[in-house]
Amino acid sequence: VGFGLIMCASVKYSSRGPALIPRMKTKHRIYYITLFSVVLLGLIATGMFQFWPHSIESSPEWTLDRRSVHDAPLVKLPVSSPIPERGDLSCRMHTCFDVYRCGYNPKNRIKVYIYPLQRFVDEVGVPISSTGLSREYNDLLSAISDSDFYTDDVTRACLFVPSIDVLNQNSLRIRETAQALAMLPRWDKGMNHLLFNMLPGGPPDYNTALDVPRDRALLAGGGFSTWTYRQGYDVSIPVYSPLSAEVDLPEKQPGPRRYFILSSQTAIHREYRTELERLKEENGEALLLLDKCSNLSQGMASARKRCYKGQVYDYPQILQESSFCVVLRGARLGQATLSDVLQAGCVPVIMADSYILPFSEVLDWKRASVVIPEEKLPEMYTILKSIPHRQVEEMQRQARWFWEAYFRSMKAIGLTTLQIINDRIYPYAARTYEEWNNPPVVKWSSVSNPLFLPLIPPRSPGFTAVVLTYDRVESLFRVITEISKVPSLAKLLVVWNNQNKSPPEESLWPKIAVPLRVVRTKENKLSNRFFPFDEIETEAVLAIDDDIIMLTSDELQFGYEVWREFPDRLVGYPGRLHLWDHEMGKWKYESEWTNEVSMVLTGAAFYHKYFNYLYTYKMPGDIKNWVDAHMNCEDIAMNFLVANITGKAPIKVTPRKKFKCPECTAIDGLSLDQTHMVERSECINKFASVFGTMPLKVVEHRADPVLYKDDFPEKLKSFPNIGSL
């Protein structure tokens, strides 16, 4: 019955349907479906055009890869075409540049428009340039078009770059090039236009700026002098060296080189060469004076070779064999040799009076070069010899980085120029001095901050003192007694490293206010002092020897306070230094008083307990086994480890003269034997070899209490008992 009722209801519903909704005629239905489909397709197409990436914007028509120069439209220049004015030397950004075209944008980035490529000829069909569009200028324009600065919308542009190549004035017809610039649709007396030129002037006077009349246009020039450079308006750029693209010079580690000074330029003025030859006679093998080769076999590229007395050298590879490389002015102030020298990591010695160094608006050239007046050429050797070896290494490193960041390609040169102009227009978003001049920190997987602490760890947890001892019980007890007086001491842990003798009975140990634990080791190893014992519950660890009885409570407490400020550093008292031995060609350990520190001895030093884990489980190579086998240098190994992980130098606390030379004055310790000092030097060379680099950092400062040297009553000082003998 139920089934029959359902069927009846169903029939009843379907019989009433047609009566309620009249049927649409077939032709109307087709019409509405067609209309709906057209509207839907229109909406889809609109959305695709609106939101699809506009790849056409990054496909400029002028690029040689996409369009041949010969296909560019031909433009004839009438003889009567206007010529721009010579160029206003008084132009500055606030007088000759319309910043309002740039406007505000969230990215604080200027927009640069590149004019379409055109071939300009005079009325008889002679081109304005003998070379057309050079490869270098095409690379420059391509780099701009692929950058975030580029726009193909001329109405949005803040800066305009002509596709007229004026890099080399030698290839230009001056008057006709100026007329071509004036014909550009947005020229407006050169306002907001940027020209790139690397080889300005011509014989006989070789002007230091482009001779093409250019109205108010900005000039990125490769040979400015102080007379032609408009400070804060023009941009001084390097002269690009084609060898940069042809020769791959692997970076050479900073340090002493085979030659001290090298001169590789071939077109040096006769007076300069005579003076260099005199310096060569005085200093012999320290100076290598190269010239062009006259006896090369046929087909050998002369640009890649230099000679001295018949001996042929590969160029620019030979530049890597010298600490300093001479860059003298030629007919022009700007020299491509500067780029070659920087690429080689050789410190350029620049002698070109009034020369505006490339990108000197933002680059600190004192960090990468030596600038000497031309009249001081006879004194060059003496001047360079006065520069400390460590500073030379820093300059070598900086020189190479300058090349990699700003000189290595036309792209680097072009984008650096635009960034400098961008910083002028948006000064509140400009790069800082550090961003321009400090090489980026290499983020190796192992180089990171290992500490999970507040910026300054709280004082309350205190530190754990870990005392390594063998059998000097009397001295050990004195050390324990002195350390127990330090307010921030939380626990004292004695590492008993003698397997043949038991530690004293509990009743004989000094009675102190903090827990005292004794851990017996299974083997007599120096590395036991850095084992991550479970008994160490504080973040801070004080490693101290069992004979360090001269430190006062104030000195230890102050050392802990310093560590709280720098919890990722080694903070210690006796400072040591590593030096490069030029005669032996290897590293040397120095324990005498010097102005520099690169290590602190862990006979008395604070550090974070995390480094115990790294020392025990992550020490590179066989260093830990080497230390245990030689019973020496565990402190040097810890200094290497911390410096390599953090990239930071240790901090020396207070000038303790009692620590002048523990290696020399120890009575019954390990350091009595003179061979101990020789082994310390061997340790440094061994560890540097295992690490593959020299991670130790040198500093020239220490930490002292604020009122340490002031003439105040002792009761006013937080740490009165510091530094006294």
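At what angle do helix H17 and helix H19 pack, and how far apart are their axes? I keep in mind that this is a predicted model. I read an angle of about 35° between H17 (residues 634-646) and H19 (residues 675-691), with the axes 10 Å apart.

Next I listed who meets whom. From H17 come Asp-635, Ile-636, Ala-637, Phe-640, Leu-641 and Asn-644. On the H19 side I found Arg-680, Cys-683, Ile-684, Phe-687, Ala-688 and Phe-691. Sorted by class, this contact between H17 and H19 has nine nonpolar residues, one polar and two charged. The spacing in such lists has a simple background: an α-helix has 3.6 residues a turn, so residues three or four places apart point the same way.

**The neighbours of H17**

I moved on to helix H16 (623-630). Which of its residues are buried? I wrote down Ile-623, Trp-626, Val-627 and Asp-628. Their cover includes H15, H17 and H19.

Helix H15 (residues 610-617) has its own buried set: Phe-611, Asn-612, Leu-614, Tyr-615 and Thr-616. What do they pack against? I found strand S18 (540-545), strand S23 (604-608), H16 and H17.

**A buried strand**

Is strand S15 (residues 463-469) enclosed or open? Seven of its seven residues are buried, so I call S15 largely enclosed by the rest of the structure. I then sorted its side chains by direction. In a regular strand the side chains alternate between the two faces of the sheet. In S15, Phe-463, Ala-465, Val-467 and Thr-469 point one way. Thr-464, Val-466 and Leu-468 point the other way, and both sets are buried.

Who is the partner of S15? Strand S16 (residues 489-496) is joined to S15 by seven bridges, and the two run parallel.

**A three-stranded sheet**

In what order do the three strands of the open sheet lie? I read S21-S20-S22, with antiparallel pairing. The edge strands are S21 (586-590) and S22 (599-600), each pairing on one side only. Strand S20 (residues 575-581) is joined to S22 by two bridges. In one of these pairings, Gly-575 has Val-600 in S22 as its bridge partner.

Gln-179 is in helix H5 (residues 174-182). Is Gln-179 buried or exposed? Its relative accessibility is 3%, so it counts as buried, the cut-off being under 20%. Leaving out residues up to four places away in sequence, Gln-179 touches Leu-77, Pro-78, Val-79, Ser-81, Pro-82, Ile-83 and Pro-84. I also looked at Arg-214, which is 35 residues from Gln-179 in sequence and 9.5 Å away in space, C-alpha to C-alpha.

Gln-398 lies in helix H10 (residues 389-407). It is buried, with a relative accessible area of 5%. Beyond its neighbours within four places in sequence, I find Gln-398 in contact with Arg-367, Ala-368, Asn-437 and Pro-439.

Gln-253 lies in the loop between helix H6 (243-246) and strand S8 (259-263). At 60% relative accessibility, Gln-253 counts as exposed, because the cut-off for that is over 50%. Gln-253 and Arg-397 are 144 residues apart in sequence and 7.9 Å apart in space, C-alpha to C-alpha.

**The whole chain**

I have 19 helices and 25 strands in the chain. Of its 725 residues, 50% count as buried. Among contacts between residues at least 6 apart in sequence, 76% join residues at least 24 apart. The accessible surface comes to about 37,000 Å², and 54% of that belongs to carbon and sulfur atoms.

Note on methods: Residues are numbered from 1 along each chain as its sequence is written. This is a predicted model: local features need pLDDT of at least 70, side-chain atom pairs count only at pLDDT 80 or more; totals for chains, interfaces and linings use all residues. Side-chain values use heavy atoms; hydrogens and water are left out. Axes are lines fitted to C-alpha atoms, for helices over the stretch in contact, and angles run from 0 to 180 degrees between N-to-C directions. Helices (H or I, at least four residues) and strands (E, at least two) are DSSP runs, numbered from the N terminus. Contact means heavy atoms within 4.5 Å. Ala, Val, Leu, Ile, Met, Phe, Trp, Tyr, Cys and Pro count as nonpolar, Asp, Glu, Lys and Arg as charged, and the others, Gly among them, as polar. Buried means under 20% relative accessible area, exposed over 50%, partly exposed in between (1.4 Å probe, protein chains only). Accessible areas come from the Shrake-Rupley method with a 1.4 Å probe; for residues, only the protein chains shown count as cover. Two strands pair if DSSP finds at least two bridges between them.
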